[in-house]
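Open the model in your viewer and keep the sequence panel beside it. The stops below say what to select and what is there.

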Amino acid sequence: MKKLVSLMLLFAIVGLASLSFTSVASAEEVKMVGVITKIEIAGKDAKTATATLKDNKTGNLVVITVNDDLTLDKFKDHRIVEGDEIRCKYETENGKNISKLFRKTAGC
């Protein structure tokens, strides 16, 4: 009987722990739609850029760091420019908002 109770307790602890880790991971990813107010690329061969977006819901300015090559190429080729409406997902890591998805709302 003790074995059954301890086994049930173990499953309950593992279940609660997995639920708590799942909620923390999903809480950090933020989705937003906003208009680009500023794009800063360090140089022609830069591997990172920052884009400042004005959130459509709150009106707040959000600075997002972009690292993926596809989006950086779109910045350099001027396919994404200031004034474009963007749909993005980002995670906050070490105080920086790191882009996970960055694309025009109309498609690009």
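Start with N67, which is partly exposed at a relative accessible area of 38%. Here buried means under 20% relative accessible area, exposed over 50%, and partly exposed in between, with a 1.4 Å probe and protein chains only. N67 sits in the loop between strand 3 and helix 2. Helices (H or I, at least four residues) and strands (E, at least two) are DSSP runs, numbered from the N terminus. Select T48 as well: N67 and T48 are 19 residues apart in sequence, and their C-alpha atoms are 4.7 Å apart. Leaving out residues up to four places away in sequence, N67 touches K47, T48, L72 and I98, where contact means heavy atoms within 4.5 Å.

**Before going further**

This is a predicted model, in which local features need pLDDT of at least 70 and side-chain atom pairs count only at pLDDT 80 or more, while totals for chains, interfaces and linings use all residues. Residues are numbered from 1 along each chain as its sequence is written, and side-chain values use heavy atoms, with hydrogens and water left out.

Colour the chain by pLDDT, the predictor's confidence in each residue, from 0 to 100. The mean over the chain is 84, and 87% of the residues reach 70 or more.

**The whole chain**

Switch to a cartoon view. The chain has 2 helices and 5 strands, and from the N terminus on they run α-β-β-β-α-β-β. Of the contacts in the chain with a separation of 6 or more, 48% are between residues 24 or more positions apart. Buried residues make up 24% of the 108 residues. With a surface displayed, the accessible area comes to about 7,600 Å², and 59% of it belongs to carbon and sulfur atoms; these areas come from the Shrake-Rupley method with a 1.4 Å probe, and for residues only the protein chains shown count as cover.

**Helix 2**

Select residues 69-76, which are helix 2. Which residues of helix 2 are buried? They are T71, L72, K74 and F75. These residues lie on the same side of helix 2 because they cover an arc of only 155° around the axis, the arc being that of the directions from the helix axis to the C-beta atoms. The cover over the buried residues of helix 2 includes strand 1, strand 2, strand 3 and strand 5 (96-104). Step past the end of the helix to H78, which follows helix 2 and has a positive phi, near 60°.

**The nonpolar core**

Next, show the side chains of M32, L53, I64, F75, I86, C88 and F102. In the largest nonpolar core, which has 15 residues, these touch the most other members. A nonpolar core is a set of buried Ala, Val, Leu, Ile, Met, Phe, Trp, Tyr and Cys residues joined through side-chain atoms within 4.5 Å. Two or more residues of this core come from each of strand 1 (29-41), strand 2 (49-55), strand 3 (61-66), helix 2 (69-76) and strand 4 (85-93).

Centre on I86. Apart from its neighbours within four places in sequence, I86 is in contact with M32, V33, G34, I36, L53, I80, F102, R103, K104 and T105.

Then move to Y90, which lies in strand 4. Is Y90 buried or exposed? At 9% relative accessibility, Y90 counts as buried. Y90 and M32 are 58 residues apart in sequence, with their C-alpha atoms 8.5 Å apart. Not counting residues up to four places away in sequence, Y90 touches E28, E29, V30, M32, V62, I64, N97, I98, S99 and K100.

**Salt bridges**

Last, show the charged side chains. How many salt bridges does a search of the whole structure find? It finds 4, a salt bridge being a side-chain nitrogen of Lys or Arg within 4 Å of a carboxyl oxygen of Asp or Glu. Among them are these:

- E40 and K38 meet at 3.0 Å, N to O. E40 is partly exposed at 40%, and K38 is partly exposed at 40%.
- D77 pairs with R79, with the closest N and O atoms 3.2 Å apart. D77 is partly exposed at 48%, and R79 is partly exposed at 37%.
- K100 pairs with E93, with the closest N and O atoms 3.7 Å apart. K100 is partly exposed at 45%, and E93 is partly exposed at 36%.
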